[in-house]
Amino acid sequence: MHNLAILPIMRKKLILTLIATCAGSILLAKGPFVPTVGHLSELSHQYPLTDSLRSEWLFDSGKGSVVFTQFKGDVKIHYHKSHDEVVVLLQGEGTLTIDSVAERLRERSVYRIPKGIHHSATCSEGYVCKIYSVFSPKWDPKKPDRTFID
């Protein structure tokens with residue numbers, strides 16, 4: 001498993017967010033000082049998976065962003081030109097391949113994917129994989145930094 005190296009630009013809120021994910025909840029910032037808690041089941045209901053892949057930007061915190069992603073089957077090989085990514089698997093199982101090294105995806109596992117590194121994922125048959133991704137710098141949901149490799 002890849003070691004989680006906390007990026008220097010992450011702030012305390014993002015670290016607390018990662019801790020909260022281990023319990024299946026996430027702090028959702030409603031304003032500058034009023035966070036609320038959202039649970040995985042509520043997010044799954046609010047953002048139903050209607051295809052094989054769905055990503056939803058949740059919020060920015062400090063110099064990063066949190067994105068909730070659900071997928072079935074395969075997520076093709078891709079990379080992020082400008083963003084480091086920390087992935088927390090909340091539900092499901094499968095395989096995550098980072099820079100040609102395959103790792104078993106297990107619930108509550110944490111993976112760090114530096115910008116520019118090719119990666120892909122496969123969710124095991126019969127599962128829907130649900131993850132939180134913490135991107136640094138902030139993620140622009142209108143211009144996702146995701147380049148797929150043919």
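Me: How many disulfides does the structure hold?
Reply: One. Keep in mind that this is a predicted model.

Me: What makes the link of C123 to C129 a disulfide?
Reply: The S to S distance is 2.3 Å. The cut-off is a pair of cysteine sulfur atoms within 2.5 Å. C123 and C129 meet that, so the pair is called a disulfide. In general, such a link is a covalent bond between the sulfur atoms of two cysteines.

Me: Which hand does the link of C123 and C129 have?
Reply: The link is right-handed, with 95° about the S-S bond.

Me: Why is C123 called buried?
Reply: Its relative accessible area is 4%. Buried means under 20%, so C123 qualifies. C129 counts as buried too, at 0% relative accessibility.

Me: How do you know that E56 forms a salt bridge with R54?
Reply: The closest N and O atoms are 2.8 Å apart. The limit is within 4 Å, between a side-chain nitrogen of Lys or Arg and a carboxyl oxygen of Asp or Glu. The pair of E56 and R54 therefore passes. The structure holds one salt bridge.

Me: Is R54 buried, exposed or partly exposed, and why?
Reply: Partly exposed. Its relative accessible area is 24%. Buried needs under 20% and exposed needs over 50%, so R54 falls in between.

Me: Which strands form the open sheet, and in what order?
Reply: Five strands, in the order β3-β4-β11-β6-β9, with antiparallel pairing.

Me: Why do β3 and β9 stand at the edges?
Reply: β3 (53-61) and β9 (110-113) each have a single partner strand, so one side of each is left without a neighbour in the sheet. On average, neighbouring strands here are turned by 20° against each other, direction ignored.

Me: What makes β4 and β11 a pair?
Reply: Pairing takes at least two bridges. β4 (residues 64-71) and β11 (residues 129-136) have seven, in the antiparallel sense, so they pair. One of the contacts is S65, whose bridge partner in β11 is F135.

Me: How are β3 and β4 joined?
Reply: Eight bridges join them, and they run antiparallel. S55 stands opposite T69 in β4. The two strands form a hairpin with two residues between them. In the turn, G62 has a positive phi of about 60°.

Me: What links β7 to β8?
Reply: Five bridges join β7 (residues 94-98) to β8 (residues 101-105), running antiparallel. T95 has R104 as its bridge partner in β8. These strands form a hairpin with two residues between them, and D99 in the turn has a positive phi of about 55°.

Definitions and conventions:
Residues numbered from 1 in each chain as written. Predicted model: local features only at pLDDT ≥ 70, side-chain atom pairs only at ≥ 80, totals over all residues. Heavy atoms only, no water. Buried < 20%, exposed > 50% of the residue type's maximum accessible area, 1.4 Å probe, protein only. Helix = DSSP H or I, 4+ residues; strand = E, 2+ residues; numbered from the N terminus. Axes fitted to C-alpha atoms, helices over the stretch in contact; angles between N-to-C directions.
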